[in-house]
Amino acid sequence: MSSAAQKETRKAVAELGDKYKYGFVTDIEMERAPKGLSEDTVRYISAKKGEPEWMLEWRLAAFRRWVQMKEPDWARVHYPKIDYQNAYYYAAPKSTPLKQSLDEVDPKLLETYNKLGIPLHEQMALAGVAVDAVFDSVSVATTFKEKLNQAGVIFCPISEAIRDYPDLVKKYLGTVVPVTDNFFATLNSAVFSDGTFVYVPKGVRCPMELSTYFRINASETGQFERTLIVADEGSYVSYLEGCTAPKRDENQLHAAVVELVALDDAEIKYSTVQNWYPGDEDGKGGIYNFVTKRGDCRGRKSKISWTQVETGSAITWKYPSCILRGDDSVGEFYSIAIANHFQQADTGTKMIHLGRNTKSRIISKGISAGKAQNTYRGLVSVYGKAQNARNYTQCDSLLIGGECGAHTVPYIESRNPSARIEHEATTSKIAEDQLFYCLQRGIPQDEAVSLIVNGFCKEVLQQLPMEFAVEAQKLVGISLEGSVG
Amino acid sequence: MLEIKNLHVAVDGKEILKGLTLSIGAGEVHAIMGPNGSGKSTLSYTLAGRAGYDITDGSILYKGEDLAAMPPEERAAKGVFLAMQYPVEIPGVTTMTFLKTALNSQRRARGQSDLDAVGVLKLVRAKAKALNVSEEMLKRALNVGFSGGEKKRLETLQMALFEPSLAILDETDSGLDIDALRLVAEGVNALRDPARAMLVITHYQRLLDYIVPDRIHVLAKGRIVAEGGKELALELEAKGYEHIVGQAA
């Protein structure tokens, strides 16, 4: 990876540094669907996107299913009932025509990106990171398309892919996370407004890290992005996703779906740094993050690796999973979940072993501070035909202060006697003697907490692209500032 | 350098130090000896500013400033170093990272600029060799799985690195065999300096064969009960604490 590419990403994450500096709102005229959710809303969105008939039908089928579904309540999170009729499901900057060069983009939008630390102009010039920036619902500008085109890599807004590559989209959309999968995924299927599509052709190693920044801007707008990444035989792609949202008193819903497909010998590495607004110190406001992320190791010897650093959101409900269908396929899940103040995180993974000699590895680091509740929920399931399946799970929890909670809920199912499943779990506290030792050597308290927590998370941080990891470390420290009295 | 007057310290409401008075000048090495429970560790933690060690009376002046008013990290930046009896483990944080973070934190507090990784590495390497601290040790997580000797060598390395004005060595000999003790003592002796004061806290006379103090104070029941030159250590060794403490009482 070019260092310029990482420099850019690094800069973007570095900006996450100064507390929650993203509490700004960009004043741009928005075009919205009427409030509420009905078949008409779905038709409105589909029409706005200029979608073909098959896509509209797909959405409507999802909507009809959704109205019969019940919101799940099994997670260890508590929140007031969401009124789905009291939200907007589509918001787009009014002045945005389809397909455009950067010069045509509203300068105010570009300013927003600058505040986010992802100056697109600069990126065009010097960085190797292609950014498909999602501003509320419409992808505003996609850079680096040309270079990727030369390699045969498709990286574009999913709305564009639906028009330009309908066969690929039809072939894979909804095949990993079915329309009927769960309440939030089904809702997303009905109303998703945009997202990212990536296709890496056979034998191609994607020449750059792909990166998307999501940002929820308009108030009372849910964001429902949809991401589909397909790695064809023998290909490789690494994808970085960073998320922020402005400060608001009301809660906002975010229900994304991410589908990954890895064919024979293909590898997908998907990294997330999630810093959605977590609400204030009294628990007011913040994002409700209900996300379905799943990867399908469809081919032999394929590999999917999830790495996530979750520091934001009032509520996190997220289980990036791997279906290990192909023989000898590998699934990995590396996670850091930090919950401070009144944040609630219920996150983990599912590793579904279907093929022979499939391997999975789960490393989860949960950090709780303030009055936060942090739950690891994970499933390892070995099916009858998964001869010699292997899983290793390590779940470590770190508590800061006496009012927070850490919970570990592992589910293990094995229908094949040759399976080997290991589970290790620890819970620890930042010890007073560790803090004193740091202080005595001149390290101030907040920095000492950051140092100790980063040490605790090391195995996961190492999975991030190196320079990106440096800045993620800072984020880890900042999200815990003042957590030790 | 250090001027302690009538110091009373309570831990959990229980008075441990009961009117301790002690003065150390620049360039001097003083030893505090005393039986278990006499308040030796309480004194070292109080000087370093550990939470929970409440000064109820008396004063501590360090270079003419009120030490008790400074938070522990400020004391460190101003040159107070405590080599701990039980150095703590910090999993996942390499020793080198820790040294760099500490060194730069102190520099920043003093208004100096950060040293980059290469600069820190050079500095550490130059000091590590004499203390037999290997590159491999510097890459391991701080004190995790270190032997007793390795831990104490690393404490001494930090002392060499931070170049404190006042170094307090709390039971540096505990957990060391004779070879390790000699190595650590040599490291400490190399740091004797006209501008530096040292306070060596120990239960046994053994350490003072290697680090020879200018003055010895005997601490018992929270007070200094006897003082003298280095020969006092031998007397203690020969007659035991009971004898001296009993005499003072």
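A residue counts as buried if 20 or more other C-beta atoms lie within 10 Å of its own, as exposed if 12 or fewer do, and as partly exposed in between, with C-beta atoms placed from the backbone.

A quick note on ground rules. This is a predicted model, where local features need pLDDT of at least 70, side-chain atom pairs count only at pLDDT 80 or more, and totals for chains, interfaces and linings use all residues. Residues are numbered from 1 along each chain as its sequence is written, while chains are lettered from A and ligands numbered from 1 in the order in which they are written.

On to chain B, which has 10 helices and 12 strands; these are DSSP runs numbered from the N terminus, helices being H or I with at least four residues and strands E with at least two. Its radius of gyration is 18 Å, close to the 18 Å from the globule rule for 249 residues, so chain B is as compact as a globular protein of that length. (The radius is taken over C-alpha atoms, and the rule is 2.2 Å times the number of residues to the power 0.38.) The C-alpha trace of chain B spans about 55 × 40 × 35 Å along its principal axes.

Now the interface. Two residues are in contact if their C-beta atoms, placed from the backbone, lie within 7 Å. The contact takes 21 residues from chain B and 16 residues from chain A. On the chain B side, the elements giving two or more residues are helix H2 (72-77), strand S7 (90-94) and helix H3 (95-109). H3(B) has the largest share, 5 residues.

Next, helix H7 (residues 178-190) of chain B. Its 13 residues should span 18 Å at 1.5 Å a residue, and its end C-alpha atoms are 18 Å apart, which agrees; the expected span is 1.5 Å times one less than the number of residues. In H7(B), Leu181(B), Val184(B), Ala185(B), Gly187(B) and Val188(B) are buried. What covers these buried residues includes helix H6 (148-162), strand S9 (166-170) and helix H8 (206-210) of chain B.

Finally, confidence in chain A: pLDDT, the predictor's confidence in each residue from 0 to 100, averages 82 there, and 77% of the residues score at least 70. Two stretches of chain A fall below 50, with contacts counted beyond near neighbours in sequence:

| Stretch of chain A | pLDDT | Contacts in the model |
|---|---|---|
| Residues 1-19 | below 50 | 51 contacts |
| Residues 95-100 | below 50 | 4 contacts |
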